[in-house]
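Let us walk through this model together, beginning with a charged pair and then moving out to the strands around it. Please keep the sequence and the 3D view open as you read.

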Amino acid sequence: MFIHIGNNNVIHSCDVIAIIDYHLISSSTIMEEWIAESSKQHKIVGPLEAVKSIMITKDLIYYSSLSVSTLKKRASMISTISKLNDFSDDVKELDSEEV
């Protein structure tokens, strides 16, 4: 499944390693250093203005204008949807029996 993370970016949900609040990073020198080191190894995608969260994937670091809670809700929706049973074949069978 895919997650729309804002700024015209959509990522594969299984690639997500971490979702971090940007304010946490800007208030911690250790986190700032870690992001600086990570950015040397990974390409950063997304605008720096209005950043609320950072998503770290296997290959890229995404800056998102969406909050961590919004991204968490979107990710949990995908988890819920993937657990739903697919009854579309049963519905097709019922429709063909009625005709």
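In this predicted model, D15 forms a salt bridge with K58, the closest N and O atoms being 3.6 Å apart. The term salt bridge here stands for a side-chain nitrogen of Lys or Arg within 4 Å of a carboxyl oxygen of Asp or Glu. The structure holds one such bridge. The pair links distant parts of the chain, 43 residues apart: D15 belongs to the loop between strand 2 and strand 3, and K58 to the loop between strand 5 (53-57) and strand 6 (60-64). Side chains of opposite charge can pair when their charged atoms come close.

A few words on how to read the values. Residues are numbered from 1 along each chain as its sequence is written, and side-chain values use heavy atoms, with hydrogens and water left out. As the model is predicted, local features need pLDDT of at least 70 and side-chain atom pairs count only at pLDDT 80 or more, while totals for chains, interfaces and linings use all residues. Helices (H or I, at least four residues) and strands (E, at least two) are DSSP runs, numbered from the N terminus.

**How confident is the model?**

The predictor's confidence in each residue, pLDDT, runs from 0 to 100. The protein averages 77, and 77% of the residues score at least 70. Confidence is highest in strand 6, at 88, and lowest in helix 4 (residues 88-98), at a mean of 56. Where pLDDT is low, the predicted coordinates should not be read in detail.

**Around the salt bridge**

D15 is partly exposed, with a relative accessible area of 25%; buried means under 20% on this scale, exposed over 50%, and partly exposed in between (1.4 Å probe, protein chains only). S13 lies in the loop between strand 2 (9-12) and strand 3 (16-21), and is also partly exposed, at 26% relative accessibility. The C-alpha atoms of S13 and R74 are separated by 9.9 Å, although the two are 61 residues apart along the chain.

T57, in strand 5, touches D15 as well as I11, V16, I17, H42 and Y62, not counting residues up to four places away in sequence. Contact means heavy atoms within 4.5 Å. The side chain of T57 reaches the backbone oxygen of L60 at 2.8 Å. This is a polar contact, a pair of N or O atoms within 3.5 Å; within protein, one must be able to donate a hydrogen and the other to accept it, and residues adjacent in sequence count only if both atoms are side-chain atoms.

Four strands form an open sheet in the order 3-5-6-4, with mixed pairing. Its edge strands are strand 3 and strand 4 (43-45), each pairing on one side only. Two strands pair if DSSP finds at least two bridges between them. Strand 5 and strand 6 run antiparallel and are joined by four bridges, with S53 having S64 as its bridge partner in strand 6.

A polar atom of its side chain lies 2.7 Å from the backbone oxygen of L66. Its contacts beyond four places in sequence include I20, Y22, Y62 and L71.

Helix 2 (residues 29-41) lies across strand 3, strand 4, strand 5 and strand 6, at about 125° to strand 6. For such angles, axes are lines fitted to C-alpha atoms, for helices over the stretch in contact, and angles run from 0 to 180 degrees between N-to-C directions.

Four bridges join strand 1 (residues 2-6) to strand 2, and the two run antiparallel. I3 stands opposite I11 in strand 2. N9 is in contact with I3, H4, V45 and Y62, leaving aside its neighbours within four places in sequence.

Which residues lie in the loop between strand 1 and strand 2, and what is their phi? The table lists N7 and N8.

| Residue | Phi | Relative accessibility |
|---|---|---|
| N7 | about 55° | 30%, partly exposed |
| N8 | near 60° | 77%, exposed |

N7 and N8 both lie in that loop, and each has a positive phi without being a glycine.
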